[in-house]
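Colleague: I have a model open and would like to go through it with you. Can you take my questions as they come?

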Amino acid sequence: MKYEFKDSKLLQAQKAIEEYLKERFPYDAITILSRHRGNLENDVEAAVAQLGLCVAVEAALPTEYGGTVTEDVDIKAAIEVHVMEEQLILSSAPIEIGGVTVGAANTLEGIIKVLNTFRFENTDLVFKPVKNYSENAVLHYVLPIEFIALL
């Protein structure tokens with residue numbers, strides 16, 4: 001029997017998280033983006049250079065597999081949400097939303113808060129410890145998230 005292709009659950013998860021964040025952060029000063037093909041890094045660098053703040057949702061990648069040949073396969077997958085702030089740009093042109101100065105730290109906190117209510121295919125997201133890849137004047141926080149998808 002030949003394999004019947006379906007839409008990728010991993011890309012569906014990435015798109016769903018991106019859209020969920022865009023709905024809850026509808027501010028021109030915060031760019032939320034992802035890429036399904038091509039180089040996300042170029043898009044991120046352009047957004048950070050222009051506005052000083054950017055959120056990037058990376059593609060989900062499988063980390064564990066379960067199931068048998070005769071049944072559906074469960075995939076444990078991981079996705080990363082990056083928050084980057086160019087401190088030199090924001091120090092000269094701070095982002096103010098609702099009377100609050102917005103940067104990488106409170107944007108990351110907001111993302112954690114709103115994604116805490118997000119479910120993908122009736123599965124809760126599991127947040128892993130935030131990683132800090134900051135260098136020089138660029139703050140760069142990475143929020144790893146795990147979830148289960150059924151293939």
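**A histidine and its surroundings**

Modeller: Leaving out residues up to four places away in sequence, His140 touches His82, Val83, Met84, Lys131, Asn132, Tyr133 and Ser134, where contact means heavy atoms within 4.5 Å.

Colleague: What kind of model is this, and how are residues numbered?

Modeller: This is a predicted model, in which local features need pLDDT of at least 70, side-chain atom pairs count only at pLDDT 80 or more, and totals for chains, interfaces and linings use all residues. Residues are numbered from 1 along each chain as its sequence is written, and side-chain values use heavy atoms, with hydrogens and water left out.

Colleague: Back to His140, then. Which strand is His140 in, and is His140 buried or exposed?

Modeller: His140 is in strand S11. His140 is buried, with a relative accessible area of 18%; buried means under 20%, exposed over 50%, and partly exposed in between, using a 1.4 Å probe and protein chains only. Strands here are DSSP runs of E with at least two residues, helices are runs of H or I with at least four, and both are numbered from the N terminus.

Colleague: Changing topic. Which residues of the largest nonpolar core touch the most other members?

Modeller: Leu21, Val55, Ile111, Leu115 and Phe147 do, in a core of 34 residues. A nonpolar core is a set of buried Ala, Val, Leu, Ile, Met, Phe, Trp, Tyr and Cys residues joined through side-chain atoms within 4.5 Å. At least two residues of this core come from each of helix H1 (9-24), strand S2 (53-57), strand S4 (74-86), helix H4 (104-115) and strand S11 (138-150). S11 gives the most, with six residues.

Colleague: What does Leu21 touch?

Modeller: Ile32, Val55, Val57, Val81, Ile111, Val114 and Leu115, again not counting residues up to four places away in sequence. Apart from this core lies another one, of eight residues, including Leu40, Val44, Ala56 and Met84.

Colleague: How do H1 and H4 cross?

Modeller: Their axes come within 11 Å and cross at roughly 110°. Axes are lines fitted to C-alpha atoms, for helices over the stretch in contact, with angles from 0 to 180 degrees between N-to-C directions. H1 and H4 are therefore roughly perpendicular to each other, a label for angles of 65 to 115 degrees.

Colleague: Which residues make the contact?

Modeller: Ile17, Tyr20, Leu21 and Arg24 on H1, and Ile111, Val114 and Leu115 on H4. They divide into six nonpolar, no polar and one charged.

Colleague: What is the phi of Asn136?

Modeller: Phi of Asn136 is near 50°, a positive value in a residue other than glycine. Most residues other than glycine have a negative phi. Asn136 lies in the loop between strand S10 (131-132) and S11 and is exposed, with a relative accessible area of 81%.

Colleague: Last one. How many helices and strands are there in the protein chain?

Modeller: Four helices and 11 strands. The chain has 151 residues, 39% of which count as buried, and the C-alpha trace spans about 60 × 30 × 25 Å along its principal axes.

Technical notes
Parallel < 35°, antiparallel > 145°, perpendicular 65-115°, else oblique. Nonpolar A, V, L, I, M, F, W, Y, C, P; charged D, E, K, R; others polar.
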